[in-house]
Amino acid sequence: MVVTGASGGIGSACARAFAAEGARVLVHFNRGEERARALAEELGGVPVAQADLTSETEVEHLFDEARAALGRVDVCTAVAGRWPSEDVPVWELPLERWEETIRQNLTSTFLVARAFLREVARNGHGSIVLVGSTAGVFGEAGHADYAAAKAAVTGGLLLSLKNEIVRVAPSGRVNAVAPGWTETPMTRGLVEPEQVDAVSRTMALRKVAQPEDVAAQVVVLASDKVSGHVTGQLVVVAGGMEGRTVHPE
């Protein structure tokens, strides 16, 4: 299986979770080579590959490398993405940031999914799990670009792919997870203990997720044994988050 963005918190957790289940894993990175190689060594020397997922050519080469290293690619987790940290309302949002965010989150997921579906067509079997965000479910003020990209991933793209994959693999499946606040390098400094009360007011479970919480759901959705009749589904991993305030303080 291929885990894209495995040098990040959720990606690393996914690689560990799949390896623990006995999967043969390839760790992908674009930046963060040192972390990716350390993770690969931790998992017993699994293969590592670098690719810019916004590049069509590099994504195609990534899956060529994965096939050469693993023999075949049956599972893919599309984790890679980027949340721009600066809070910018739409009326001030530069077109350059909008286009870059769409490219890093939506276009990269499309390219990974397309390359993986070509592997599915070759093998006649496969399962992919896309990683979105609660921003794509509830929106996120100051981050409309990110919310729009993630909504497209877990909405139109997910639902289209689950109908298309069966054309090349009758049992092929496509699902997605939408993490909420999760303690990762991308959210470092935003989920300190004193801030949890503020960010969890819309969550029934007043805690920030760990990457392992998300990875566990990814493994469940990828499993043909556990989720063999589940496709086109979005699992929100966010402690019961709602689009309203649950706790007054």
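Mentor: Start with Val131: its bridge partner in S6 is Val177. This is a predicted model, where local features need pLDDT of at least 70 and side-chain atom pairs count only at pLDDT 80 or more, while totals for chains, interfaces and linings use all residues. Residues are numbered from 1 along each chain as its sequence is written, and side-chain values use heavy atoms, leaving out hydrogens and water.

Trainee: What makes S5 and S6 a pair?

Mentor: Two strands pair if DSSP finds at least two bridges between them. Strand S5 (residues 127–131) and strand S6 (residues 173–179) have five bridges, in the parallel sense, so they pass the definition. Strands here are DSSP runs of E, at least two residues, and helices are runs of H or I, at least four, numbered from the N terminus.

Trainee: Why are S3 and S7 called edge strands?

Mentor: The open sheet has seven strands in the order S3-S2-S1-S4-S5-S6-S7, with parallel pairing. Strand S3 (48–50) and S7 each pair on one side only. From one strand to the next, the twist averages 15 degrees.

Trainee: Which strands does H6 lie across, and at what angle to S6?

Mentor: H6 lies across S5, S6 and S7, at about 165 degrees to S6. Helix H8 (residues 211–222) lies across strand S4 (75–78), S5, S6 and S7, also running at about 165 degrees to S6. Axes are lines fitted to C-alpha atoms, for helices over the stretch in contact (heavy atoms within 4.5 Å), and angles run from 0 to 180 degrees between N-to-C directions.

Trainee: Why is Ser12 called buried?

Mentor: Its relative accessible area is 11%, and buried means under 20%, exposed over 50%, partly exposed in between (1.4 Å probe, protein chains only). So Ser12 counts as buried. Ser12 sits in helix H1 (residues 9–20). Leaving aside neighbours within four places in sequence, Ser12 is in contact with Ala6, Ser7 and Leu39.

Trainee: And what makes Glu164 partly exposed?

Mentor: Glu164, in helix H6 (residues 144–168), has a relative accessible area of 39%, so partly exposed is the label.
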